[in-house]
Amino acid sequence: MIEIKNVSLWYDKNHQVLNDISETIQRGQTVVICGPSGSGKSSLLRCINGLEYFQKGDIIVNGVSVQDPDTNIHQLRSNIGMVFQHFELYPHMTAMENITLAPLRVRKKSKNEAEKKAMEILERVGIPEQALKYPAELSGGQKQRVAIARALAMEPKIMLFDEPTSALDPEMIKEVLDVMIDLAGEGMTMVVVTHEMGFAREVAHEIIFMDKGRMIEKGSGHDFFNHPKNERTRQFLSRILI
Amino acid sequence: MDMDVIARNLHFMLGGLVLTFELAIITLAGGFLVGLILAMGRLSSRAWLYYPATCYVHFFRGLPLILVIFWLYFLSPVVTGRSLEAFYAAIIAFVVFEGAYFAEIIRAGIQSIPKGQAMAAYSTGLTPFQCTRDVILPQALRNMTPALVTQAVIIFQDTSLAYVIGLREFLRRVNLVDAREARSVELYLFAGLLYFTFCSAGSLLSQRLENRRQRNRV
């Protein structure tokens, strides 16, 4: 479903962010990417939906090349949901308006239809009573669940999560992870950048460890945690699994 | 002091305020529109949009307004072969000139919105146009309201320059009364008081909006 082929990305001549990354993600799989900050995890995620332009290699999503000039990138993105570390809800819109904007504009749904669907999704993420509130009136966990609902409203085939719990207070992390675990259970194809190793252990089909723009190690949850092959991976794990 | 001179000519002078406001409001609307288009150009990654818009802004910000008014009024007949009515010459000069200032206010307002907002919008499949209209501009407008009100106050003051091509706006009428009555002190104090009242009302409004914006920060 997602094929990443030898992708390299430079921010400028002397600053290489991604170095020859290759990876294939099957339909229905959840892949977790971890690694120290600055290792290129988030950049890789942004390459998948064309928010970042890479100089070398290719990424094929659902049989469509992301950087092919003939690709309708807006249509491609509308089928890939994305959730950000800092939520990025639109502060001038209610939760409901945040969720229905893209269905109204991109899918040309009627207002009725879009709002009905939005309420269904808000119920699914457990906060239907917050529909008419503005982001400033919501807690961090609620904001992130609205952000997930906004992505789901487009009925995407793939969900990308960029450190979805890193900006949350500890007691709110679980409510967001629970929603993500449900999604994974329903067979959503997910790529998740996170340091939540409990989540990774529970739902990841594959865990990737990145450092300095390279893919250092990948493996199933069991192998990754119990028999890490690479010294850097061992160091990293020992530091975050206290 | 002869305050009677003001009372005697009040009706005539205040009549000029109508024209003053007319000039200011049309300039505000037109200048904002021109500024919006220029700001989009200034923020574009396409060279053929960026460079003309940038040159335009730098060009007009480097000229005194009075010169632009003269150009429009005295040079446009040479170019087009027809003379331009003073009112239209003034309006075009104001809009063209103030557009450059609005462009910079709007550009700064748009750039004050975090990049993540556009990323979030794009990630749901919105086009750049939809993203700008629905997500970026409404927030940017709210952020730049104080600067816009300040610019409106400046425009209100700038309209007095229209007198150089013979438009009988407020200040020109005061000037005419003075020519007849020879009461400069009273008349110009009165004119100052009037400008001051309107402009400080505007500045106060701008201050209020600024405070409210600070409070509503997310």
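Reader: What is the strand order of the open six-stranded sheet in chain A?
Author: The order is 6-7-8-3-9-10, and the pairing is mixed. This is a predicted model.

Reader: Which strands sit at the edges of that one?
Author: Strand 6 (80-83) and strand 10 (214-219) of chain A; each of them pairs on one side only.

Reader: And the angle between neighbouring strands, on average?
Author: Neighbours in this sheet are turned by 15 degrees against each other on average, with direction ignored.

Reader: How does strand 6 of chain A run against strand 7, parallel or antiparallel?
Author: Parallel, with four bridges joining strand 6 to strand 7 (residues 158-162) of chain A. Met82(A), for example, has Leu160(A) in strand 7 of chain A as its bridge partner.

Reader: Which strands of this sheet does helix 1 of chain A touch?
Author: Helix 1 (residues 41-48) of chain A packs on the sheet and touches strand 3 (30-34), strand 6, strand 7, strand 8 (189-193) and strand 9 (206-211) of chain A. The direction of helix 1 makes about 155 degrees with that of strand 7 of chain A.

Reader: What about helix 9 of chain A, which strands does it lie across?
Author: Helix 9 (residues 231-240) of chain A lies across strand 3, strand 9 and strand 10 of chain A. Relative to strand 9 of chain A, helix 9 runs at about 100 degrees.

Reader: Which residue forms a salt bridge with Asp211(A)?
Author: Arg232(A), with the closest N and O atoms 2.7 Å apart. Asp211(A) is in strand 9 of chain A and Arg232(A) is in helix 9 of chain A, so this pair ties together parts that are 21 residues apart in sequence.

Reader: How many salt bridges are there over all chains?
Author: The structure holds 17.

Reader: Other sheet now. What is the order in the four-stranded one of chain A?
Author: That open sheet has the order 2-1-4-5, with antiparallel pairing. Its edges are strand 2 and strand 5 (64-65) of chain A; each has a single partner strand, so one side of each is left without a neighbour in the sheet.

Reader: Which strands does helix 1 touch here?
Author: Helix 1 of chain A packs on this sheet too, touching strand 1, strand 2 and strand 4 of chain A. Its direction makes about 120 degrees with that of strand 1 of chain A.

Reader: How many bridges join strand 1 to strand 2 in chain A?
Author: Seven, between strand 1 (residues 2-12) and strand 2 (residues 15-25) of chain A, which run antiparallel. One bridge partner pair is Glu3(A) with Thr24(A) in strand 2 of chain A. The two strands form a hairpin, with two residues between them.

Reader: And how many from strand 1 to strand 4 of chain A?
Author: Five bridges join strand 1 to strand 4 (residues 56-61) of chain A, and these strands also run antiparallel. Lys5(A) has Asp58(A) in strand 4 of chain A as its bridge partner.

Reader: Where does Asn19(A) lie?
Author: Asn19(A) lies in strand 2 of chain A. Leaving out residues up to four places away in sequence, Asn19(A) touches Val7(A), Ser8(A), Gly213(A) and Arg214(A).

Reader: Moving to chain B. How many helices and strands?
Author: Chain B has eight helices and zero strands. Its C-alpha trace spans about 70 × 50 × 25 Å along the principal axes.

Reader: How much area do chain B and chain A bury between them?
Author: About 1,900 Å², of which 64% is on carbon and sulfur atoms. The contact takes 20 residues from chain B and 23 residues from chain A.

Reader: What is the count of salt bridges between chain B and chain A?
Author: One. Arg105(A) pairs with Asp134(B), and the closest N and O atoms are 2.6 Å apart. The count of residue pairs in polar contact between chain B and chain A is six, both residues being at pLDDT 80 or more.

Reader: Which helix of chain B gives the most to the side that touches chain A?
Author: Helix 6 of chain B, with eight residues. Helix 5 (115-123) and helix 6 (128-158) of chain B each supply at least two residues of that side.

Reader: And by class, what is on the side of chain B that touches chain A?
Author: Nine nonpolar, eight polar and three charged residues.

Definitions and conventions:
Residues are numbered from 1 along each chain as its sequence is written. Chains are lettered from A and ligands numbered from 1 in the order in which they are written. This is a predicted model: local features need pLDDT of at least 70, side-chain atom pairs count only at pLDDT 80 or more; totals for chains, interfaces and linings use all residues. Side-chain values use heavy atoms; hydrogens and water are left out. Contact means heavy atoms within 4.5 Å. Buried area is the accessible area (1.4 Å probe) that two parts lose on being put together, summed over both. A salt bridge is a side-chain nitrogen of Lys or Arg within 4 Å of a carboxyl oxygen of Asp or Glu. A polar contact is a pair of N or O atoms within 3.5 Å; within protein, one must be able to donate a hydrogen and the other to accept it, and residues adjacent in sequence count only if both atoms are side-chain atoms. Ala, Val, Leu, Ile, Met, Phe, Trp, Tyr, Cys and Pro count as nonpolar, Asp, Glu, Lys and Arg as charged, and the others, Gly among them, as polar. Two strands pair if DSSP finds at least two bridges between them. Axes are lines fitted to C-alpha atoms, for helices over the stretch in contact, and angles run from 0 to 180 degrees between N-to-C directions.
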